[in-house]
Amino acid sequence: MQEKIYVIGHKSPDLDSVAGAISYAQFKNKLEGVNFYVPVVAGIINKETEYVLEKFGFEKPKILKDLKNKKVILVDHNEVSQSADGREGAEIVEVLDHHKVDFKYSELIVFKVLPWGASASIIAHCYFKNNIKINKNLAGLILSAILVDTVITKSPTCTEKDKEIIEKLAEIAEIKDWKEYGMEIFKVRSSVSDLSPKEIIKSDFKDFVFKVGRIGIGQVETVNLEELNSLEDNLLKSLNDLKKSGDYHSIILFITDIIKEGSRFLVASEDASGFEKAFKVKLKNNKVYIDKIISRKKQVIPKLTKIFDK
């Protein structure tokens, strides 16, 4: 009997990570005529992911916190700091991602990385290229992930290929106005009234290892930035607590207004002046609004890298 191969995204799983695991496991099973590729997640899923899974009739994948002695396919990440625990003891058979590459492995493996707006776009392309049918519900799931990761195509990470795939998937999913549907997801995504400050920070959070140390970056996307104004002081306190308890050089949360296309940054750092230098801004009470910054991957990480990874 064939051993299971687990398809898994990064820690603090977001919609692209979860939808990627589900859709790529299905793709591999259909392509190879097998049933041993199994989607799993590295932690508790967030609110909009739960909403989309329910909307299109998918079960929540089981949580797999330790990869040791498991065969795995990594989706939506390749960096060690973002993987579930036990990766050093896992057998990695494949990687599919759309982020910068920071990956070492002793064996020859399939490594798919494309500079597109979402891992889900790459997976949809795999289906189309291999003439494997995508049903209505799966199309809705994959479409949802692309809309979130590209901020309904507003993100600088969004490519013409993403837009082409969005149109195809929307037709299959019978979603007439995908922009309106994208806003529907973001309204769910930005509803944080029932979350603690730590849960808000961790809802879309990634670790990055720089030469100065570990930097954690969280993002919250909203349709109305002012709704979170009253939470900022508590969020800053939680950022500082997490920084100390997690031995971080910095923890940054940026709250993105997808309508105005700008972000409010909250910063807890050993070197706040480095952040100011990176973005050419001045923090006031460890906060600053920066216009036209909405992408962690394309706009935030590259600027921090120039200062903190020399």
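Leu53 is found in helix 2; helices (H or I, at least four residues) and strands (E, at least two) are DSSP runs, numbered from the N terminus. The model is a predicted one, in which local features need pLDDT of at least 70 and side-chain atom pairs count only at pLDDT 80 or more, while totals for chains, interfaces and linings use all residues. Residues are numbered from 1 along each chain as its sequence is written, and side-chain values use heavy atoms, with hydrogens and water left out.

With a relative accessible area of 1%, Leu53 is buried (buried means under 20% relative accessible area, exposed over 50%, partly exposed in between, with a 1.4 Å probe and protein chains only). Apart from its neighbours within four places in sequence, Leu53 is in contact with Val18, Ile22, Ile45, Phe58, Glu59, Lys60, Pro61 and Leu141, where contact means heavy atoms within 4.5 Å. Leu53 and Lys168 are 115 residues apart in sequence, and their C-alpha atoms are 20 Å apart in space. The charged end of Lys168 sits over the ring of Phe128, 4.7 Å from the ring centre. Such a placement requires NZ of Lys or CZ of Arg to be within 6 Å of the ring centre and within 35 degrees of the ring normal.

The whole structure holds eleven aromatic pairs; rings of Phe, Tyr and Trp (its six-membered ring) pair if their centres lie within 6.5 Å, and planes under 30 degrees apart count as stacked, over 60 as edge-to-face and the rest as tilted. Tyr24 and Phe27 are stacked, because their ring centres are 5.6 Å apart and their planes are at 20°. These two residues are three places apart in helix 1, so about one helical turn separates them. An α-helix has 3.6 residues a turn, so residues three or four places apart point the same way. Both Tyr24 and Phe27 are buried.

Phe254 and Phe265 make another stacked pair, at 5.0 Å centre to centre and with 5° between the planes. Phe254 lies in strand 9 (residues 250–257) and Phe265 in strand 10 (residues 262–269), so this pair ties together parts that are eleven residues apart in sequence. Phe254 and Phe265 are both buried. Ring pairs extend the group into a cluster of Phe254, Phe265, Phe275 and Phe279. Phe275 and Phe279 are among the buried residues of helix 9 (residues 272–279), together with Gly274, Glu276 and Ala278. The buried residues of this helix pack against strand 9, strand 10, strand 11 (287–291) and helix 10.

Most residues other than glycine have a negative phi. Lys292, in the loop between strand 11 and helix 10, has a positive phi near 65°. Lys292 is exposed, with a relative accessible area of 51%. Asp76 also has a positive phi, near 60°, and belongs to the loop between strand 4 (71–75) and strand 5 (91–97). Asp76 counts as buried, because its relative accessibility is 0%.

Which residues are closest to the centre of the largest pocket? The largest pocket has a volume of about 730 Å³, and of the 32 residues that line this pocket, Ser12, Pro13, Ile44, Lys202 and Ser203 are the closest to its centre. On a 1 Å grid over the protein atoms alone, a pocket is an open set of points where a 1.4 Å probe fits, with protein on both sides within 12 Å along at least five of seven lines; lining residues have an atom within 4 Å of a point. Grid points are joined across faces, edges and corners, and the volume is the space filled by probe spheres set on the points. Helix 2 (47–55), helix 7 (197–202), strand 7 (205–210) and strand 8 (213–222) each give two or more residues to this lining. The lining divides into twelve nonpolar, eight polar and twelve charged residues. Here Ala, Val, Leu, Ile, Met, Phe, Trp, Tyr, Cys and Pro count as nonpolar, Asp, Glu, Lys and Arg as charged, and the others, Gly among them, as polar.

The second largest pocket holds about 400 Å³ of space. Of its 27 lining residues, His99, Lys206, Ser295, Arg296 and Lys297 are the closest to its centre. Helix 10 (296–308) is one of the elements that supply at least two lining residues, and its four residues are the largest share.
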